[in-house]
Amino acid sequence: MKSNTSTIKIEKAQGSKLENTNFNKLAFGEVFSDHMLECDFVDGQWQAPKIKPYGPIELLPSAKVFHYGQAVFEGMKAFKDEDGRIWLFRPEENFKRINKSNERMAMPAISEEAFFTGMEELLKLDRDWIQKGFGNSLYIRPFIIATEECVSASPSKKYKFMIICSPAQAYYSGEVRVQFSEKYSRAADGGVGFAKAAGNYAAQFYPTKLAKDTGFEQIIWTDAKSHEYLEEAGTMNVFFRLGDKLITAPTNDRILDGVTRKSVISLAEEFNIDVEIRRVSVKEIVEAAINGELKEIFGSGTATVVTPILGFGYKNEKYELPKIEDSYAKFFKDKLMKIQYNQAEDKFGWRHEVK
Ligand code: COI
């Protein structure tokens with residue numbers, strides 16, 4: 001994809017919202033840093049990205065994103081170590097994935113330069129928004145929306161790529177219990193489940209609301225055909241521990257190829273934890289919960305890192321998981337975070353410094 005991004009124009013914010021931000025009390029995704037990146041695609045090419053104060057953007061009501069949801073996004077995090085150095089975690093995976101999502105949604109690929117140079121300039125400008133301390137990060141949300149002013153149902157000719165940043169702590173504030181989906185589906189074969197397409201998430205809101213009404217935080221999506229196999233947990237990939245064995249579903253065109261998921265798999269292999277990537281049936285997990293073989297379920301994702309799931313519901317029955325000392329969820333979360341915060345050796349070359 002041709003691009004014209006060699007210079008990034010920077011317009012600095014007049015003041016900063018930093019002083020008015022309580023970093024000890026952050027709900028996920030509600031506060032945004034002082035600046036944002038904006039880059040338009042017109043006449044068949046990406047224009048030079050601009051960094052400007054975080055604020056409203058102007059779109060006409062006919063912009064295609066409002067009508068057809070032609071939009072993709074990514075989720076990433078920046079971490080600050082004790083020396084004040086800034087790190088990203090496997091950012092090239094997000095770059096590859098946003099372009100996979102773009103392709104599936106008939107959107108133009110974003111150039112490496114706009115994605116990386118733009119993001120790094122933005123992070124350098126807003127570096128004070130990245131707080132030190134284990135658990136603090138700056139959540140980075142790159143996204144692309146269709147901006148052509150036209151309601152014909154065809155791919156847009158104009159797009160806007162943006163990056164906004166939000167200081168973050170934990171994604172889930174309370175305990176997480178999930179409901180196994182018996183009726184609703186997140187994705188189907190041949191669909192867009194593997195893409196980080198905005199509509200994938202909107203489609204989850206209603207079934208998740210129903211699950212919340214009955215006391216569950218999230219849904220574990222089952223395959224659309226039979227609802228017999230467990231695939232993804234809400235906005236996370238999902239792992240099951242049977243005895244000492246870890247099991248997760250293989251990625252396919254229904255399941256997001258999560259960066260944290262593949263990092264957990266690599267760590268499991270490094271630490272000789274038996275990990276099986278195969279279909280996991282509802283029947284197998286319900287039976288294992290009853291006979292005591294099921295030790296843990298946990299979700300993985302950028303926003304949440306690793307979240308233990310304390311119990312699940314299926315066909316009006318509720319199952320609680322045992323409280324265990326040697327939790328894999330805790331082990332992987334700690335290993336991952338120590339790499340992310342530059343507190344452990346980075347054997348896999350996952351850290352990327354923003355200089
Ligand atoms: C992420 O983990 O970055 C996600 O995509 C979850 C998001 C929908 C909050």
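Which pocket does the ligand take up? I found that the space taken by the ligand is the largest pocket (a pocket is an open set of points on a 1 Å grid over the protein atoms alone, with protein on both sides within 12 Å along at least five of seven lines).

A note on the basis: this is a predicted model, where local features need pLDDT of at least 70, side-chain atom pairs count only at pLDDT 80 or more, and totals for chains, interfaces and linings use all residues. Residues are numbered from 1 along each chain as its sequence is written, and side-chain values use heavy atoms, with hydrogens and water left out.

Tyr139 puts a polar side-chain atom 2.6 Å from a ligand oxygen. Ala303 has a backbone N or O atom 2.8 Å from an oxygen of the ligand, and for a polar backbone atom of Thr302 I noted 3.2 Å to a ligand oxygen. The protein buries 89% of the 280 Å² that the ligand exposes when taken alone (Shrake-Rupley method, 1.4 Å probe).

Last, I looked for cavities, where a 1.4 Å probe fits but cannot get out. The lining of the largest cavity includes Gly75, Gly301 and Thr302.

Terms used
Polar contact = N/O pair within 3.5 Å; in protein donor to acceptor, adjacent residues only side chain to side chain. 1 Å grid on protein atoms, 1.4 Å probe; cavity = no way out; pocket = protein on both sides within 12 Å on 5 of 7 lines; lining within 4 Å. Sits in = over half its atoms within 2 Å of the grid points.
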